[in-house]
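Please read it alongside the structure.

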Amino acid sequence: MIVVFPPSVRHEDSIAPSYYEDHLLERVSLLELRLSQMMQQIGMAYEFIQREAKSFQKDHVLLQSFFETLEKVNPDFSHQLSRHCIEIYDENLDKLTAEDKFENELKQIFANHDNKKPELFTHLIKEGIKLLEQNEEKQAFLNLERAALLSPKNVPLFFYIAKNQFKTDRFDSAKENLEKAFEIEPQNSRILLLLGVIYADEGETEKARKLLSVLANAPNTTVCVNFIWGFLAAFEENWTESLAAFKESLNAQETPELYYLTGCVLLQLKREKPALEFFDKAVLQDIGFSDAWFMKSLIYKSLKKEKKEKQSRQAALESKEAGAQCLEFMKGREITEPEIALPFLHLNKPKKRLLTGGSRRLNKFLREQIFNAIE
């Protein structure tokens, strides 16, 4: 990396200006983040290779032997069979993109059942789905879990149950089903994501990073993964890594939530003016973002700009955003300053979930990202 300083500062005795220090720090933090994610990816890849190598080798030898024998006995039929296999694959791929996602999910569940008591299995699945639609979650999961006992290797069923358990905040049960599925299909990206989210939510940072690193650069998961990575780094008070992670998410998708989080981390790094720029972008995209207005008011208070402080505070009050974290600090006439930026207040509280235990707005944003990636 080449950094060029202006002539006016080249011959000064002081160290480079803070702007360049901050820029270099961000660049180094981004490189550290990517290196960390890459190391986790290599570890996961090594485990996958170890687990799959033996099975793959056996299948490969068997298929190779079959086609070599067929080639010797009947070369024409061998070529026809190869073409037919390719055509079937392409045809099935086209069908998958055209079919309804939910219907396809059900077909996968039934296709992975080993025909043990098929009538009972089908009844339990359909009854469970019906009860979920009626918001009778407790009875629905009892039916689906019974079906899973009849089909102990059914990864699509485990994932379907876990996904719906996650939606209804049954995190422990969801984790149990995902771990079963992971043992069977450790390379399944949807399992990796949802299980990684639950580990992160529980503060199991090493386990979470190990699974999520595989998905950090995938187009449909990069926002979600780096969002989570940013919170994990904030939990460890590694603010430079947290900043790099949130900026990676922001590069992939510009949203008020990501502008807000980036601003909050910059504030933790005592960089008020850059933080203010990100809060401005957050409220520009969503004028009703109470917490972003509140964080702006704190910066204006620090900068002794009373008029702008009052305007920002008034905007936070008038937006009346349900579940805004700033409301508890704005009860009186004076603004009470939180000890740490709003989205990270809950991170060091005992038995508090890292991702789903904080801001209602950020929780909703994360869930949308998760289900956009796995549906």
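**Notes on helix packing**

1. Helix α7 (residues 155-167) has 13 residues, which should span 18 Å at 1.5 Å a residue, and its end C-alpha atoms are 18 Å apart, so the two values agree. The expected span is 1.5 Å times one less than the number of residues. Helices here are DSSP runs of H or I with at least four residues, numbered from the N terminus. The model is a predicted one, in which local features need pLDDT of at least 70 and side-chain atom pairs count only at pLDDT 80 or more, while totals for chains, interfaces and linings use all residues. Residues are numbered from 1 along each chain as its sequence is written, and side-chain values use heavy atoms, with hydrogens and water left out.

2. Because 12 of its 13 residues are buried, α7 is largely enclosed by the rest of the structure. Buried means under 20% relative accessible area, exposed over 50%, and partly exposed in between, with a 1.4 Å probe and protein chains only. The buried residues of α7 include V155, L157, F158, I161, K163, N164 and Q165. They pack against α4 (101-111), α5 (118-133), α6 (137-150), α8, α9 (189-201) and α17 (360-374). After α7 comes D169, with a positive phi near 65 degrees.

3. One of these partners is α4, which packs with α7 at an angle of about 130 degrees, the axes being 8 Å apart. α4 is therefore oblique to α7. Axes are lines fitted to C-alpha atoms, for helices over the stretch in contact, and angles run from 0 to 180 degrees between N-to-C directions. Angles under 35 degrees count as roughly parallel, over 145 as roughly antiparallel, 65 to 115 as roughly perpendicular and the rest as oblique. On the α4 side, F102, E105, Q108 and I109 meet P156, L157, F159, Y160 and K163 of α7; contact means heavy atoms within 4.5 Å. This contact of α4 with α7 comprises six nonpolar, one polar and two charged residues. Ala, Val, Leu, Ile, Met, Phe, Trp, Tyr, Cys and Pro count as nonpolar, Asp, Glu, Lys and Arg as charged, and the others, Gly among them, as polar.

4. Is N177 buried or exposed? N177 counts as buried because its relative accessibility is 2%. This residue belongs to helix α8 (residues 171-184). Apart from neighbours within four places in sequence, N177 contacts E145, F158, I161, A162 and Q165.

5. Helix α15 (residues 290-302) packs with helix α16 (residues 306-319) at an angle of about 165 degrees, with axes 8 Å apart. The two helices, α15 and α16, are therefore roughly antiparallel. Among the residues that meet are W293, F294 and Y300 in α15 and R313, A315 and A316 in α16. By class, five nonpolar, four polar and five charged residues make up the contact of α15 with α16.

6. Helix α13 (residues 256-268) and α17 pack at an angle of about 125 degrees, with axes 10 Å apart. α13 is therefore oblique to α17. P256, E257, L258, Y260 and L261 in α13 meet R361, L362 and F365 in α17. The contact of α13 with α17 has six nonpolar, no polar and two charged residues.

7. Helix α12 (residues 239-252) is mostly covered, with 11 of its 14 residues buried. Its buried residues include W239, E241, F246, E248 and L250.
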